[in-house]
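Trainee: I am new to this structure, and I would like to learn how its features get their labels. Could we look at it together?

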Amino acid sequence: MGFTRFGRPKGAQGQSSSNLYVANCGPAVGLSYDTIVSVFGAFGEIKGVFAADESGARVVVCFAEEGCAQNAFNALNGRPCAELGGRSLHIRYSVLQPTSQSQGRVNDSVPVSLLASELNISGLYLMHDFVTAKEEEEFLAAVDERPWKNLSKRRVQHYGYEFCYETRNVDSRKNLGELPAFVSPILERIAMLPMCEDAEAVVLDQLTGLALWSSEDILMPG
């Protein structure tokens with residue numbers, strides 16, 4: 001998967017910016033994006049939070065104003081944070097860096113949306129940490145045991161019905177069989193969500209396993 005590229009500001013080493021590169025922070029160390037936003041949001045409006053790399057332990061927090069980033073830096077850098085269970089963060093200022101692949105593009109990065117309302121898509125719900133880290137490992141192992149279909153720039157697996165990328169739909173006349181048993185706990189959990197008022201009438205019958213340019217296999221609803 002791709003990551004937004006940030007680097008140190010040009011000029012003096014102490015030069016600040018509205019973006020903070022934060023180490024020892026992220027899902028891999030038990031800190032959800034909601035928690036990160038709650039802590040850093042106390043210093044001002046946050047434009048977005050990005051995964052800094054594949055580790056899950058480093059993020060980039062982008063403030064709307066540079067002064068807010070400065071206040072957060074002064075308050076949190078290298079100091080134990082009670083709201084984070086006493087964890088100390090390692091922070092530096094960062095700026096968005098162009099890459100050879102991004103030259104000429106209007107926008108090479110997509111911010112992480114923290115609320116479904118930010119996307120303005122009716123019927124969409126965003127559930128943070130819906131799948132635990134242990135469940136994620138089990139799902140990835142189960143998916144990788146099954147055969148992949150190689151496409152341009154991606155490899156996929158289809159369950160229930162095959163998703164057609166040309167028509168952006170499925171052919172309901174071609175059923176591939178029952179969904180794999182390893183997703184049953186997740187389907188049951190989805191059916192129990194408060195927003196599923198008519199859960200008995202909803203049939204979850206299609207899933208797509210997708211991998212883009214890396215070995216990170218993502219199981220996602222189709």
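Here is a friendly talk about the labels used for this model.

Mentor: Gladly! Keep in mind that this is a predicted model. The protein chain has 222 residues, of which 32% are buried, and its secondary structure comes to 4 helices and 13 strands.

Trainee: Which residues touch the most other members in the largest nonpolar core?

Mentor: Those are L20, V22, F40 and F63, in a core of 23 residues. Among the elements that give two or more residues to this core are strand 2 (19-23), helix 1 (33-40) and strand 4 (58-63). Helix 2 gives the most, with 5 residues.

Trainee: What is V22 in contact with, leaving aside its neighbours within four places in sequence?

Mentor: With those neighbours left aside, V22 is in contact with F40, A57, R58, V59, V61, L89, H90 and I91. Apart from this core lies another one, of 13 residues, including A142 and F182.

Trainee: Now to the rings. Why is the pair of F40 and F63 called tilted?

Mentor: Planes under 30 degrees apart count as stacked, over 60 as edge-to-face, and the rest as tilted. The planes of F40 and F63 are at 55 degrees, so this pair is tilted. Their centres are 6.5 Å apart, and a pair needs centres within 6.5 Å.

Trainee: What makes this pair a tie between parts of the chain?

Mentor: F40 lies in helix 1 and F63 in strand 4, so the pair ties together parts that are 23 residues apart in sequence.

Trainee: And which kind of aromatic pair do Y159 and F182 form?

Mentor: Y159 and F182 form an edge-to-face pair, with 90 degrees between the planes and 6.4 Å from centre to centre. The cut-off for edge-to-face is over 60 degrees, so 90 degrees qualifies. Y159 lies in strand 9 and F182 in the loop between strand 11 and helix 4, so here too the parts tied together are 23 residues apart in sequence. Ring pairs also link F139, Y159 and F182 into a cluster.

Trainee: How do you know that the charged end of R189 sits over the ring of F130?

Mentor: The CZ atom of Arg has to be within 6 Å of the ring centre and within 35 degrees of the ring normal. R189 is placed over the ring of F130 at 5.5 Å from its centre, so the distance is inside that cut-off.

Trainee: Why are E135 and R189 said to form a salt bridge?

Mentor: The side-chain nitrogen must lie within 4 Å of a carboxyl oxygen. For E135 and R189 the distance is 2.5 Å, N to O, so they meet the rule. E135 lies in helix 3 and R189 in helix 4, so the pair ties together parts that are 54 residues apart in sequence.

Trainee: Are E135 and R189 buried, partly exposed or exposed?

Mentor: E135 has 15% relative accessible area, which is under 20%, so E135 is buried. R189, at 26%, falls between 20% and 50%, so R189 is partly exposed.

Note on methods:
Residues numbered from 1 in each chain as written. Predicted model: local features only at pLDDT ≥ 70, side-chain atom pairs only at ≥ 80, totals over all residues. Heavy atoms only, no water. Core = buried A, V, L, I, M, F, W, Y, C linked by side-chain atoms within 4.5 Å. Buried < 20%, exposed > 50% of the residue type's maximum accessible area, 1.4 Å probe, protein only. Contact = heavy atoms within 4.5 Å. Phe/Tyr/Trp six-rings, centres within 6.5 Å; stacked < 30°, edge-to-face > 60°.
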